Amino acid sequence: MMTNQGPAVSGQATRHTLPERKLFAALAQARATFIQIGLFSWFTNLLMLTGPLYMLQVYDRVLNSQSVPTLAALTLLMLVLYTAWGALEWIRTSLFNAIASRFEASLGNLSADAALDLSVSHPGKATDRPLRDLRLIRRFIASPALTALFDAPWSPIFLIVLFLLHPLFGLWALFGAVVLFGLSVLNQVLSSKLLEENATLERLARQRAGEMVRSVEVIDALGMREQVKARWRQVFDASDSSLFSSRNRLSGFAALTKAFRLFLQSAILGIGALLVITSSDGSSTPGEMIAASILMGRAIAPIEQIVGQWQSIISARSAWQALSMALSRAAPDMQSMALPPLKGHVSIDALHAGPPGAAFPVLRNLSFSLSPGDVLGVLGPSAAGKSTLAKLLTGIWPASHGVIRLDGADIATLDPVRRGQQTGYLPQQTDLLSGTVRDNICRFDPHAPADAILSAAHAAACHELILSLPDGYDTDVGEGGTYLSAGQRQRIGLARALYNAPALVILDEPNSNLDTAGEAALQEAIAGLKARQATTIIVAHRPALLRQCTKLLLLEAGEIKLFGPKDEVLREISSRQPGLKVRTIGTRGESHG
Ligand SMILES: Nc1ncnc2c1ncn2[C@@H]1O[C@H](COP(=O)(O)OP(=O)(O)OP(=O)(O)O)[C@@H](O)[C@H]1O
């Protein structure tokens, strides 16, 4: 007896690795460059001592000796050292840029796969978030925040120099550093939650805005503009108010930090002046006072910079976490089975499946098989699971239980790219990609031979139609194919499905937008498929499509009600009584009940 209880759909297979492994590995490639940056940071920070040393010499030596040549020599030396600093700083920044660009380049493909996998595993929620996160991290790597981290180890060295000048200078700078560090910790505690909430709301507002803009025609046609705008405004206003609060808090901290730092800087001059006044033996000098002020500025600059960059640090951290998760969830690098040319044997055994993430399987306990040359018509009422079955047969959605075999091999173990190249699929909504008709037919293969494109167009019987377009095969179809009519899209989508004469062709309601000429072309295409012994599966609502079918499958509520040779199934349907028993007439002669 068939049962309605099936295993829940588990979604895309996951790989349980340390989520951040791939990101760290991409950064680790730049280990040598990081070491170079460390070395450059050493020299740039060392050269930052130029200022204080010049001050010391000018105040204590030049002003005492009144020697212009000494001043000139010192100034020349200072110019040379600052020039060297400028050159090193420029190289250091370029190195950060190079790391950022290499990081993005090495994860670009993986992130694109993660975005595509995320869209497959969350149907209806297409997202390019992994790509946006990657760009955000790339920007962060080349931002002043990371430079500040490399300068931070120098703070203690500047502090030691301050202590050597006078313990009071050192203590004052240490106090300043501790307070600034405390302020940055407080900043993190108080603002991180607000910033994350803001990021979530902004994402949602962007999503709603995108949806609103994409659907403008139906929105205006149905007078929904105000309601849809209000729905978007709700999230937009929430994101705006959270942005306002987080910015206020951050700028408050930035202002407080700046004011405190100015106070520290001026006060250290006061301390220096006090030391000069009170040192009876002249051990403290005005030069030391100025040098201490500059040194303290250098000691606390990294902390101040980190506080100033807090928002980008938080955003980069959440982008890092999200990207790590997305990459770790990306489809596993399975040991794909090599794929010899498909012959078109299809067998489905005890299949339970549905859209990834669905709580219950849409399809339950499906078993049937097809041989090359079979043309299967899939019938059934709306929501019976026909399109779901089509997607399962292409391999884009995984089975949660049971197995689909192509030429005897589990579809889940086949290399997805090679499998896709040998499959023809025309989805219910023909989604062409922006580009020319030619690009779309050859599936964007830059090396596609012209005769393969032509023969796909001939196989779909749409060559004449293409020639009637403004630029023939070079006609731009627009984003999503919007420059074409729905019928034209569907016929060019059929040519795309038939490109390279695949052995397995799955057509999901291929005549939903066709006129009489289109229907005739489709019949011609199906006859061609049959003649060359391809396995063809057609999801059909209209009886016209059944004409050339050799087998029929009747789905109801996700279960097979009938399956077998067309005539037998049609006879069964016509003699069907209320309360008809579930019966499938298997191709191997078996019945499933
Ligand atoms: N992306 C999805 N996320 C969640 N549920 C889905 C998704 N796609 C389909 N479903 C559900 O799966 C069930 C079967 O849908 P499917 O599109 O396979 O039906 P169908 O037989 O092709 O219907 P129709 O003839 O109307 O196209 C429906 O109940 C639908 O709500």
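This is a predicted model: local features need pLDDT of at least 70, side-chain atom pairs count only at pLDDT 80 or more; totals for chains, interfaces and linings use all residues.
Visitor: Which strands does β9 pair with, and in what sense?

Guide: Strand β9, residues 551–556, pairs with β10 in the antiparallel sense over six bridges, while four bridges join it to strand β3 (residues 375–379), and that pair runs parallel.

Visitor: Which residue of β9 stands opposite G377?

Guide: That is L552 in β9, and L552 also stands opposite G564 in β10. Elsewhere along the pairing with β10, E556 has E559 as its bridge partner.

Visitor: How many residues lie between β9 and β10 in the hairpin?

Guide: There are two residues between them, and A557 in the turn has a positive phi of about 50 degrees.

Visitor: And why is β9 described as largely enclosed?

Guide: Because five of its six residues are buried, β9 is largely enclosed by the rest of the structure.

Visitor: Switching to the open sheet with four strands: what is the order, and is the pairing parallel or antiparallel?

Guide: The order is β2-β1-β4-β5, and the pairing is antiparallel. Strands β2 (363–370) and β5 (409–410) stand at its edges with a single partner strand each, so one side of each has no neighbour in the sheet. Within this sheet, strand β1 (residues 346–353) is joined to β2 by five bridges, and V346 stands opposite L370 in β2.

Visitor: Now helices. At what angle do α3 and α4 pack?

Guide: Helix α3 (residues 50–65) and helix α4 (residues 68–121) pack at about 175 degrees, their axes being 10 Å apart. Since angles over 145 degrees count as roughly antiparallel, that makes α3 roughly antiparallel to α4.

Visitor: Which residues meet there?

Guide: On the α3 side they include Y54, V58, R61 and V62, and on the α4 side they include L74, M78, Y82 and W85. By class, the residues of the contact of α3 with α4 divide into nine nonpolar, four polar and one charged.

Visitor: What about A292, is that buried or exposed?

Guide: A292, which lies in helix α11 (residues 286–308), is buried, because 29 other C-beta atoms lie within 10 Å, where 20 or more is the cut-off for buried.

Visitor: What does A292 touch, leaving out residues up to four places away in sequence?

Guide: On that basis A292 touches L162, L165, F169, I268 and G272. A292 and L56, which are 236 residues apart in sequence, are 9.5 Å apart in space, C-alpha to C-alpha.

Visitor: Last topic, the ligand: how many residues surround it, and which are the closest?

Guide: The ligand is surrounded by 13 residues, of which P123, S382, K386, S387 and T388 are the closest. By class, this shell has six nonpolar, six polar and one charged residues.

How values were computed. Residues are numbered from 1 along each chain as its sequence is written. A residue is buried if 20 or more other C-beta atoms lie within 10 Å of its own, exposed if 12 or fewer, and partly exposed in between; C-beta atoms are placed from the backbone. Two residues are in contact if their C-beta atoms, placed from the backbone, lie within 7 Å. A residue is near a molecule or strand if its C-beta atom, placed from the backbone, lies within 6 Å of it. Ala, Val, Leu, Ile, Met, Phe, Trp, Tyr, Cys and Pro count as nonpolar, Asp, Glu, Lys and Arg as charged, and the others, Gly among them, as polar. Two strands pair if DSSP finds at least two bridges between them. Axes are lines fitted to C-alpha atoms, for helices over the stretch in contact, and angles run from 0 to 180 degrees between N-to-C directions. Angles under 35 degrees count as roughly parallel, over 145 as roughly antiparallel, 65 to 115 as roughly perpendicular and the rest as oblique.
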